[in-house]
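Subject: Structure handover

Hello,

Here is the structure I promised to pass on. Please open it alongside this note. My findings follow below.

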Amino acid sequence: MSRVGLKPIKIPDGVTVAFEQSKATVTGSKGTVTKEFPPQCDFRQENELVYVSRRKEDKLHRSMHGLTRTLLSNMMLGVSKGFSKQLEIVGVGYKAEVKGKELILAVGYSNPVHFRIPEGISIETPSPTQIIVKGIEKDAVGQVAANIRSIRPPEPYKGKGIKYLGEHIQRKAGKAAAGA
């Protein structure tokens, strides 16, 4: 039994929700998000609460129940507050800057890496070693942050590379001294 799926979703102030069969449209101060959901779940709106219910009790319907409720909740949170991920660049001479619709990274390669910023995502660089990815869709923000991190993932010896803020990198010892 899905415990997450049974919880009602409180609609934040300034957010409107519209349902059309298995499609949900959520509008708020930061923008509008529309998502097509699997047909296993139904939506019911009562005052300031939205309830998600499943149509059958088989395994597929039960597995989609909690997922659908969480995705809808994230849509409401995204259009009201937004989502962000922070990345940190570690390394001598490593830096990032935003020019127009591109993030330019100098991360130890012979040429700078140009990363095109997708629609619906904004990237800020408050300092040359800090990147903030913002947007209203949680999955898109996380995917863009992961794509930026994959340009130069942190290495285990000196910790150089692009990592999430607060991420712990498991360090390895270097070569042991010869002889002795």
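This is a predicted model: local features need pLDDT of at least 70, side-chain atom pairs count only at pLDDT 80 or more; totals for chains, interfaces and linings use all residues.

Leaving aside its neighbours within four places in sequence, which residues is L103 in contact with? L103 is in contact with A96, E97, V98, V113, H114, F115, I117, I123, T125, I131 and I148.

**Cores**

L103 belongs to the largest nonpolar core, which has 20 residues. Together with I89, L105, I123, I131, V133 and I148, L103 touches the most other members. At least two residues of this core come from each of β7 (83–90), β9 (102–106), β11 (121–127), β12 (130–135) and α3 (138–149). The top contributor is α3, with 4 residues.

**Sheet and helix**

Four strands make an open sheet, ordered β11-β12-β7-β13. The pairing is antiparallel. Which strands stand at the edges? They are β11 and β13 (161–164). Each has a single partner strand, so one side of each is left without a neighbour in the sheet. From one strand to the next, the twist averages 25°.

Look at the β11 and β12 pair next. These strands run antiparallel and are joined by 5 bridges. S122 has its bridge partner in β12, namely K134. Helix α3 lies across β7, β11, β12 and β13. It runs at about 10° to β7.

**Aromatic rings**

There are 2 aromatic pairs in the structure. One of them is F19 with F43, and it is stacked. The centres are 4.7 Å apart, with 10° between the planes. This pair links distant parts of the chain. F19 sits in strand β2 (residues 16–20) and F43 in strand β5 (residues 41–46), 24 residues apart.

F43 has a relative accessible area of 16%, so F43 is buried. Ring pairs also bring in F37: F19, F37 and F43 are linked into a cluster.

**S80**

One last site. S80 lies in helix α2 (residues 59–80). The S80 side chain reaches two backbone oxygens: that of M76 at 3.0 Å and that of L77 at 3.2 Å. Beyond its neighbours within four places in sequence, S80 is in contact with P12, V15, S29 and K30.

Best wishes

Definitions and conventions. Residues are numbered from 1 along each chain as its sequence is written. Side-chain values use heavy atoms; hydrogens and water are left out. A nonpolar core is a set of buried Ala, Val, Leu, Ile, Met, Phe, Trp, Tyr and Cys residues joined through side-chain atoms within 4.5 Å. Buried means under 20% relative accessible area, exposed over 50%, partly exposed in between (1.4 Å probe, protein chains only). Contact means heavy atoms within 4.5 Å. A polar contact is a pair of N or O atoms within 3.5 Å; within protein, one must be able to donate a hydrogen and the other to accept it, and residues adjacent in sequence count only if both atoms are side-chain atoms. Two strands pair if DSSP finds at least two bridges between them. Axes are lines fitted to C-alpha atoms, for helices over the stretch in contact, and angles run from 0 to 180 degrees between N-to-C directions. Rings of Phe, Tyr and Trp (its six-membered ring) pair if their centres lie within 6.5 Å; planes under 30 degrees apart count as stacked, over 60 as edge-to-face and the rest as tilted.
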